[in-house]
2 protein chains.
Amino acid sequence: MAQVCLTLQYDGTQYHGWQVQPNGVTVQQVLQDAIQTVTGIRASVTGCSRTDSGVHARHFYCTTVLPERFPPEQFVKALNANLPRDIVVSACVPVEEDFHPRYSAVKKRYVYYIWNGAVRNPFWEKYSLHHRNKLDEKSMNETASLFVGTYDFSAFCSSASEVQDKVRTIYRADVLRDGDLICFTIEGNGFLYNMVRIIVGTILEVETGKLSRQTVYQALTSGNRQHAGLTSPACGLFLDEVFYTH
Amino acid sequence: MAQVCLTLQYDGTQYHGWQVQPNGVTVQQVLQDAIQTVTGIRASVTGCSRTDSGVHARHFYCTTVLPERFPPEQFVKALNANLPRDIVVSACVPVEEDFHPRYSAVKKRYVYYIWNGAVRNPFWEKYSLHHRNKLDEKSMNETASLFVGTYDFSAFCSSASEVQDKVRTIYRADVLRDGDLICFTIEGNGFLYNMVRIIVGTILEVETGKLSRQTVYQALTSGNRQHAGLTSPACGLFLDEVFYTH
């Protein structure tokens with residue numbers, strides 16, 4: 001048996017997130033089932049992130065063990081033939097035993113889409129938050145830039161989180177508009193539970209006048225969840241990339 | 001009552017095409033139901049095209065009658081509140097009584113997407129044909145250009161068609177690549193049943209060596225369906241725009 005790292009892409013709409021759980025189908029479970037069908041072995045799979053229910057992934061990395069007799073390329077084909085159409089394995093590479101998809105990661109990039117048209121867009125329905133009133137992307141960008149730096153992100157974390165150290169460094173946070181589509185990109189050395197979705201909710205509340213930038217800055221320095229915005233819906237969020245080298 | 005023209009966008013995946021039919025839910029039926037809920041009247045709706053089962057639309061025009069008391073803008077909002085998430089009304093404008101969404105059209109544009117990656121893309125799964133082997137878009141473009149002009153398109157028409165005159169003029173037919181996504185765009189004064197899907201199937205068969213460009217040209221001049229390629233799947237096809245003025 002050798003350790004391999006799989007790259008996945010998935011549409012999270014139908015899944016209760018990555019991690020196996022008792023109530024609801026998860027990506028991890030579906031993948032483990034497919035691996036068992038292909039290899040005959042129930043191998044466990046370790047993911048790079050515990051994406052939430054409904055969150056999508058463009059590059060999700062996970063490790064598992066593979067019997068030596070399976071060439072990685074054939075394994076990818078066989079897995080894809082046994083996976084539903086909303087989960088795809090795009091690569092399989094051998095990795096060292098000390099490689100861990102979560103702990104070896106040095107940076108992650110998330111993208112959040114907002115459909116900012118007067119009416120909904122049926123093709124972006126599952127992949128964006130619809131915000132009807134015209135948003136000012138320059139102003140949003142200014143708010144986004146507040147998050148760049150090293151802060152205790154306690155205010156931008158679900159109360160369900162059990163993580164102790166909530167200090168994270170954000171390297172990039174910006175907003176781009178392409179027609180009616182607004183794309184928020186954020187890169188950091190790590191993210192807390194619901195962190196990106198609360199940051200997006202906060203940026204939107206600054207635009208709608210419910211929060212001021214000063215309050216956002218207070219949230220970053222005080223760690224008070226009350227100073228931050230609501231959690232935006234999962235459907236707009238994509239785990240875009242995970243980086244393992246600086 | 002005044003005649004209005006509605007602009008729709010829809011994800012056709014779940015529908016048996018536009019036109020009401022006994023076996024299966026259609027976009028027309030769902031729209032007529034929503035109109036009845038909003039106005040209390042069972043008004044019929046006339047569409048610009050009979051899109052097939054599974055085909056999508058970015059700009060689909062249809063006419064209906066609206067009681068004078070409904071301002072178009074409110075009608076749009078009320079309709080959208082009563083439509084499923086895969087059908088959206090993006091506009092409603094009053095039109096002259098002699099306006100007909102199908103017969104008044106002078107040009108239509110269709111777009112067909114091919115996902116040309118080694119593995120499937122879960123986000124394009126419902127909106128493209130997956131073609132695994134690398135395609136040469138320049139060569140495809142050359143084949144596409146054969147279709148520009150006025151021809152009897154009998155060879156590029158489903159045998160189920162009951163249309164007599166099969167002469168159509170194609171103004172534009174080209175292929176563009178954006179990464180792994182190939183986009184085929186075609187504009188013409190009219191299209192026969194399955195015409196775009198058979199043209200796409202034909203272009204692909206030239207790429208895979210099953211057909212030569214000479215055979216394609218023969219199909220255009222002979223009208224022999226045997227000289228053309230297979231019908232490509234509906235999911236990759238979008239009715240992109242309908243033009244009412246030159």
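Predicted model: local features only at pLDDT ≥ 70, side-chain atom pairs only at ≥ 80, totals over all residues.

Me: How many residues of chain B are in contact with chain A?

Reply: On chain B, 25 residues are in contact, and they meet 25 residues of chain A.

Me: And what area is buried between chain B and chain A?

Reply: About 1,800 Å² is buried between the two chains, and carbon and sulfur atoms give 59% of that area. On the side of chain B, B:Arg120, B:Pro122 and B:Phe123 supply 37% of what the chain buries against chain A, more than any other three residues.

Me: How many salt bridges are there across the interface?

Reply: The rule finds two salt bridges between chain B and chain A. One of them joins the side chains of B:Glu125 and A:Arg85, with an N to O distance of 2.9 Å.

Me: How many residue pairs are in polar contact?

Reply: Six residue pairs are in polar contact between chain B and chain A, counting pairs with both residues at pLDDT 80 or more.

Me: Which elements of chain B supply the side that touches chain A?

Reply: Strand E1 (2-10), strand E3 (56-66), helix H2 (72-81) and strand E4 (87-94) of chain B each supply at least two residues. E4(B) gives the most, with four residues. By class, this side of chain B has 13 nonpolar, five polar and seven charged residues.

Me: Let us turn to H2(B). Which of its residues are buried?

Reply: B:Phe75, B:Val76, B:Leu79 and B:Asn80 are buried in H2(B). These residues lie on the same side of the helix because they cover an arc of only 125 degrees around its axis. An α-helix has 3.6 residues a turn, so residues three or four places apart point the same way.

Me: What do the buried residues pack against?

Reply: The buried residues of H2(B) pack against E1, helix H1 (27-39), E3 and E4 of chain B.

Me: Which residues are exposed on the other side of H2(B)?

Reply: On that other side, B:Glu73, B:Gln74, B:Lys77 and B:Ala81 are exposed.

Me: Now a change of topic: where is A:Asn194 found?

Reply: A:Asn194 is in the loop between strand E9 (181-188) and helix H4 (195-207) of chain A. Its phi is near 70 degrees, a positive value in a residue other than glycine.

Me: Is A:Asn194 buried or exposed?

Reply: A:Asn194 counts as buried because its relative accessible area is 15%, under the 20% cut-off.

Me: And what is phi of B:Asn194?

Reply: Phi of B:Asn194 is near 70 degrees, again positive in a residue other than glycine. B:Asn194 lies in the loop between strand E9 (181-188) and helix H4 (195-207) of chain B, and at 15% relative accessibility it counts as buried.

Key. Residues numbered from 1 in each chain as written. Chains lettered and ligands numbered in written order. Heavy atoms only, no water. Contact = heavy atoms within 4.5 Å. Buried area = accessible area lost by both parts, 1.4 Å probe. Salt bridge = Lys/Arg side-chain N within 4 Å of Asp/Glu carboxyl O. Polar contact = N/O pair within 3.5 Å; in protein donor to acceptor, adjacent residues only side chain to side chain. Nonpolar A, V, L, I, M, F, W, Y, C, P; charged D, E, K, R; others polar. Buried < 20%, exposed > 50% of the residue type's maximum accessible area, 1.4 Å probe, protein only. Arc of directions from axis to C-beta.
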